Amino acid sequence: MLKARLIRLDDQAHEHTHDHHQLVLSLSGRAEFEVNGRGGEVCRMRACLVPGDADHQFAGVGDNRMLILDLDELDTPSEDLELLTHLFETPRYPQLDADFQNLLSYAGAELERYGSDPMLARALGGVLLRALHLRLFGERQARPQGPLDLERLDAYIGEHLVRRISVAELAQVACLSPSHFHAQFKDSVGLTPHQYLLKTRLDRAARLLRESPLPLIRIAEECGFSSQSALTTAMRRYLGLTPSACAVPTSLSARAKAGLAPEAAYRQAVEQGGFAFDQDQWQAVQGLQRCHEALHRTSGAVRRWTGSTSGGRWGAARPG
């Protein structure tokens, strides 16, 4: 997903980090940047490529007008993901030739006039990105193919999940360049590395909520989230559940055998975890449990009919 915005950077120095990539271009004036300790200037003749997760500081220098492209991998086509990974392997301050400057001036004028049109912003941003990629790397070359050691990557991720893990770091584990690693990982797993890392964090969080007595803030820390609020937001967005809903034993039959009615058991587990009972969440958990039990019965029937189960890593069929 690409968003384009026009902005003036003030003279005060700012410092932050974000998950998405950024391309910073100057329509007029200058700004100073430092990305992962590497300093440079953004002006008409030089841009700045800020990789996602990179610590960076910046400040405008006098009057300036910047065109900033925010580039999130979410909902981005696979061919564009490879281009982004190649561009943002490392912080860069690429020089801009006269033709690119003319293209930039045209894009800036159109965005000044029709900046509220998201389709125009995406189209102009895509042209600028592709033009810059061609100037830096030329025509795209075929990438070498080779199997990824997914078990080794899983082990590394599990060992370091409490902290931020970059794509470049995983690429080093796989002995590949970040761009080749990103493309091969997407082909092998069906998710980008960022998406897979988030899935792994959420899977571990859900398991700890069900199986451990840890408070929510500790679970967030153990799974690499910056705060319990960040964990709650991610669970709502990607799982459709709150932490309180996940912190419930998954087997209704086990609760019945313990002599406790399902709704009473849910209320007890939620309140023991320090959350408030919510009737709507209880209804949602019942629905998910029924789906889970139906899938379990179906997989059992498959085993009886075929003598085996199918499905490989992350739901994809894998050769025996």
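Biologist: How many bridges join strand S3 to strand S6, and in which sense do the two run?

Modeller: The general idea is that two strands pair if DSSP finds at least two bridges between them. Here S3 (residues 21-35) and S6 (residues 56-71) are joined by 13 bridges and run antiparallel. Within that pairing, Gln 22 faces Asp 70 of S6. Strands are DSSP runs of E, at least two residues, and helices are runs of H or I, at least four; both are numbered from the N terminus.

Biologist: What should I know about the source before going on?

Modeller: This is a predicted model, with residues numbered from 1 along each chain as its sequence is written. Local features need pLDDT of at least 70 and side-chain atom pairs count only at pLDDT 80 or more, while totals for chains, interfaces and linings use all residues; side-chain values use heavy atoms, without hydrogens and water.

Biologist: Which residue is the bridge partner of Val 24 in S5?

Modeller: Cys 48. S5 (residues 48-50) pairs with S3 over three bridges, again antiparallel. S4 (residues 38-42) is joined to S3 by five antiparallel bridges. There Phe 33 has Gly 40 as its partner. The S3-S4 hairpin has two residues between the strands, and Asn 36 takes a positive phi near 50 degrees.

Biologist: How do I read a nonpolar core, and which residues touch the most other members in the largest one?

Modeller: A core is a set of buried Ala, Val, Leu, Ile, Met, Phe, Trp, Tyr and Cys residues joined through side-chain atoms within 4.5 Å. Buried means under 20% relative accessible area, exposed over 50%, and partly exposed in between, with a 1.4 Å probe and protein chains only. The largest core has 24 residues; Leu 23, Leu 25, Leu 67 and Leu 129 touch the most other members. S3, S6, H1 (78-87), H2 (98-114) and H3 (118-137) each supply at least two residues. H3 gives the largest share, six residues.

Biologist: Which residues does Leu 129 touch?

Modeller: A contact means heavy atoms within 4.5 Å. Not counting residues up to four places away in sequence, Leu 129 touches Leu 2, Leu 23, Leu 69, Leu 71, Leu 83, Leu 84 and Leu 87.

Biologist: How many aromatic pairs does the structure hold?

Modeller: Three. Rings of Phe, Tyr and Trp (its six-membered ring) pair if their centres lie within 6.5 Å; planes under 30 degrees apart are stacked, over 60 edge-to-face, the rest tilted. Phe 33 and Phe 58 are stacked, at 5.5 Å centre to centre and 20 degrees between the planes. This pair links S3 to S6 across 25 residues.

Biologist: Why does Phe 33 count as buried?

Modeller: Because its relative accessibility is 6%. Phe 58 also counts as buried, at 14%.

Biologist: Why is the pair of Phe 181 and Phe 185 tilted?

Modeller: Because their planes stand at 45 degrees, with the centres 5.5 Å apart. Both residues lie in helix H6 (residues 178-189), four residues apart, about one turn. Phe 181 is buried at 0%, and Phe 185 at 2%. Ring pairs link Phe 181, Phe 185 and Tyr 196 into a cluster.
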